[in-house]
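Hi,

Here is the structure I said I would pass on. Have a look, and my notes follow below.

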Amino acid sequence: MKYFTISLLNSPLNPLTYCYENELSEGVLVEVTLRNRTLMGVVLEVCDAPDFKTTSVTQTLLQQYSQKQMKAAKFISSYYFCSLGEALQLFTPYGVNREMENGEWKMGDGEPLAQGNGKWEIENGSELLAQKKGEEGRVKGKECGDSTLILSSKQTEALAFLQEHPVSLLFGDTGSGKTEIYMKWFEEVLAQGKRVLFLMPEISLTPQMEIRLKEHFGEAVVMWHSKVTKPTKKKLLEKIHSGEAKIIAGARSALFLPVDDLGLIVVDEEHDDSYKASSRPRYHARDMAIYMGKLYDVPVLLGSATPSLNSYVKYPHFRLKGGHFSATRHFSFEKSRDAITERVESSIVATVAKEEQAMLFIPTRANYKYLICESCGHTHECPYCSVAMSLHRKSNAIKCHYCNFSERVPKACSKCQHEMLVSERLGTAEAVYQFGERHPDIRVGQFDRDAVSTQNKLKKLLKAFNNREIDLLIGTQMLSKGHDYHDVTLAVILGLDNQLNMGDYRAREKALSLLIQIAGRSGRKKEAKVLVQSYNQAFFEPYIGQYEKFLEDEKQFRKGLYPPYTKLARIMFAHKYANKAEEAMQEMVEKLRLQTDIEIVGYGVSQIEKIASKYRYQILLRASKTTDLLKAIKQSKNTLAEVDIDPVEFS
Ligand SMILES: [Zn+2]
Ligand SMILES: [Zn+2]
């Protein structure tokens with residue numbers, strides 16, 4: 001009998017010891033039992049016979065994580081503070097197709113489930129691909145041989161610059177032709193018989209991008225994101241395994257697909273916070289892409305019109321200015337907050353009257369964010385979370401956007417029984433409703449998570465807007481995510497001050513980037529107006545058209561205090577009893593005080609005190625070196641502590 005340490009997939013437990021009659025190599029996927037439950041595990045290494053009784057691996061499966069995947073998973077586990085099993089769960093192993101459903105593993109149809117005698121022939125997943133590559137590794141002429149991509153001299157210069165660096169940043173304005181540069185580089189990678197990983201924020205993986213890529217690269221393109229159905233995922237995985245898929249475009253999870261003949265990783269819209277996972281493993285896909293670039297020895301290209309200060313400071317960049325179209329944008333400011341003022345309304349009406357299109361950005365979805373008692377000022381909060389319930393007129397309900405709890409709109413104040421409740425902070429649904437009431441001739445589209453819940457709805461809405469079946473598109477942040485709108489000549493931006501006033505060291509960066517990203521969706525062909533509601537014109541105006549000036553100023557603001565000049569970690573404690581969470585936090589604070597080279601920036605109740613019936617406390621830590629930060633946390637951490645390294649969210 002032989003003994004192995006095995007990590008259980010998706011389990012927070014440390015690796016356990018199991019026995020098996022045959023040799024098992026590192027990375028092999030196996031089935032094991034734990035307290036009568038069948039679980040999937042990954043073999044780590046051979047170990048000595050332990051002095052306790054072990055159970056045997058029940059079967060070995062035809063899948064294996066490559067050595068590089070194992071290495072990356074170990075890195076995620078130690079840097080982002082999760083178990084190795086949780087980190088491995090992110091990856092798709094090499095070999096047979098698999099899906100996981102309700103904690104149960106399902107294997108691909110008709111595939112042999114296990115190998116009877118246990119001995120593995122495949123040392124490493126890459127060999128599988130190496131064989132395949134010989135057969136069909138070359139890209140067919142029609143797919144990319146005859147290049148029709150012609151870059152401008154500036155674009156050519158950009159590409160040459162970017163190709164000189166292992167990690168580089170393409171700092172290019174909206175419409176300046178970043179995608180052509182990416183695609184030109186893709187062509188070169190494919191010509192070398194290698195593959196490309198092209199990461200985008202989930203919502204930017206639009207049909208428009210798919211069409212654009214497929215028109216040029218044909219069937220070599222696969223699009224991988226959370227809305228892809230299971231049968232399609234299976235097909236896509238087959239194309240990836242066979243080597244037919246050459247350009248793997250996807251959201252952050254695409255980073256963990258079984259592709260090892262990589263030639264390039266591109267992270268588009270690299271500033272986007274959706275690259276940071278908000279649950280364990282709390283990895284940042286852009287940072288992981290850079291890690292993988294080193295691991296696979298391939299270049300990593302970051303792209304953005306509003307790069308993060310982080311990337312701007314760390315990596316060499318090429319500045320690509322201006323759009324393809326020489327259209328200009330005229331900015332104006334209105335001292336108002338979250339309201340459809342007369343000026344906003346008349347600007348939209350005038351635009352539509354000229355048979356042009358308008359966009360209206362509002363940071364809040366639903367009808368209103370708050371329902372407040374006119375008499376005592378009581379705000380209707382979720383009973384399970386310490387956040388205001390949003391008013392959804394359509395379903396006559398108030399809903400919690402944190403835990404999804406919903407109830408009928410109350411008729412009176414729950415505190416003083418007063419019957420006049422007022423709503424505050426306008427949301428997208430309300431703006432759609434108001435325009436519908438007052439201007440039935442204006443065709444309005446709603447672009448937020450409530451209205452665009454599926455890929456199909458997204459496709460339909462974008463199509464309708466680009467076919468000019470919609471005059472006015474009203475939406476949240478989703479509006480700003482890399483979509484191409486051709487004929488927008490008015491962009492109205494409400495509620496930017498809410499973003500700017502957030503308790504977040506990146507509040508300025510986020511607010512300005514949002515303004516520029518949304519404005520950048522207008523004026524692609526014709527001159528456009530951008531109307532911004534803000535009391536902070538003095539902050540925003542000097543940076544419009546000069547994002548690099550902002551980045552330079554922001555450097556001074558952050559030096560010595562915030563990333564990228566320091567490292568931050570947020571440690572969270574949540575428990576249904578407030579005192580339990582607080583005690584755990586206190587205990588860790590005491591231990592952290594004994595550590596050197598780190599600073600406890602603050603600790604106490606979180607900004608949102610309670611979510612889903614759990615009370616929340618947190619510690620914010622700072623250090624100048626990553627190693628000091630990780631070491632201090634490792635030595636002080638208790639079981640309730642949930643660690644978020646390089647946090648982007650502080651509430
Ligand atoms: Zn009241
Ligand atoms: Zn709630």
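Before the sheets, a word on pairing: two strands count as paired if DSSP finds at least two bridges between them. Strands (E, at least two residues) and helices (H or I, at least four) are DSSP runs, numbered from the N terminus. Keep in mind that this is a predicted model, in which local features need pLDDT of at least 70, side-chain atom pairs count only at pLDDT 80 or more, and totals for chains, interfaces and linings use all residues. Residues are numbered from 1 along each chain as its sequence is written, chains are lettered from A and ligands numbered from 1 in the order in which they are written, and side-chain values use heavy atoms, with hydrogens and water left out.

First, the open sheet. Seven strands make it up, in the order β11-β12-β10-β13-β14-β9-β15, and the pairing is parallel. From one strand to the next the twist averages 15 degrees (axes are lines fitted to C-alpha atoms, for helices over the stretch in contact, and angles run from 0 to 180 degrees between N-to-C directions). On the β15 side, β9 (residues 167-172) pairs with β15 in the parallel sense over four bridges, and Gly172 stands opposite Leu320 of β15.

Helix α5 (residues 153-162) lies across β9, β14 (300-304) and β15, and runs at about 170 degrees to β15. Helix α8 (residues 230-242) packs on the sheet, where it touches β10 (195-199), β11 and β12 (247-250), and its direction makes about 135 degrees with that of β11.

The loop between β11 and α8 holds His225. Is His225 buried or exposed? His225 is buried, at 7% relative accessible area (buried is under 20%, exposed over 50%, partly exposed in between, with a 1.4 Å probe and protein chains only). Neighbours within four places in sequence aside, His225 is in contact with Glu202, Leu205, Lys233, Ala251 and Gln455, contact being heavy atoms within 4.5 Å.

Next, β26 (residues 528-533). Five of its six residues are buried, so the strand is largely enclosed by the rest of the structure. Strand β16 (residues 329-334) pairs with β26 in the parallel sense over six bridges, with Phe331 opposite Val530. Strand β25 (residues 488-493) also pairs with β26 in the parallel sense, over four bridges, and there Val492 stands opposite Leu531.

Then the zinc ion (ligand 2). Cys382, Cys385, Cys400 and Cys403 coordinate the ion through their SG atoms, at 2.3 Å; donors are N, O and S atoms within 2.8 Å of the metal (3.2 Å for Na, K and Ca), and as water is not among the atoms, sites may look incomplete. The spacing of the donor residues in sequence is C-x2-C-x14-C-x2-C. Cys385, in the loop between β18 (368-373) and β19 (390-392), and Cys400, in the loop between β20 (397-399) and β21 (406-408), are 15 residues apart. Cys385 is buried at 1% relative accessibility, and Cys400 is buried at 1% too.

Last, disulfides (cysteine sulfur pairs within 2.5 Å): a search of the whole structure finds zero. Cys19 is buried, with a relative accessible area of 6%.

Cheers
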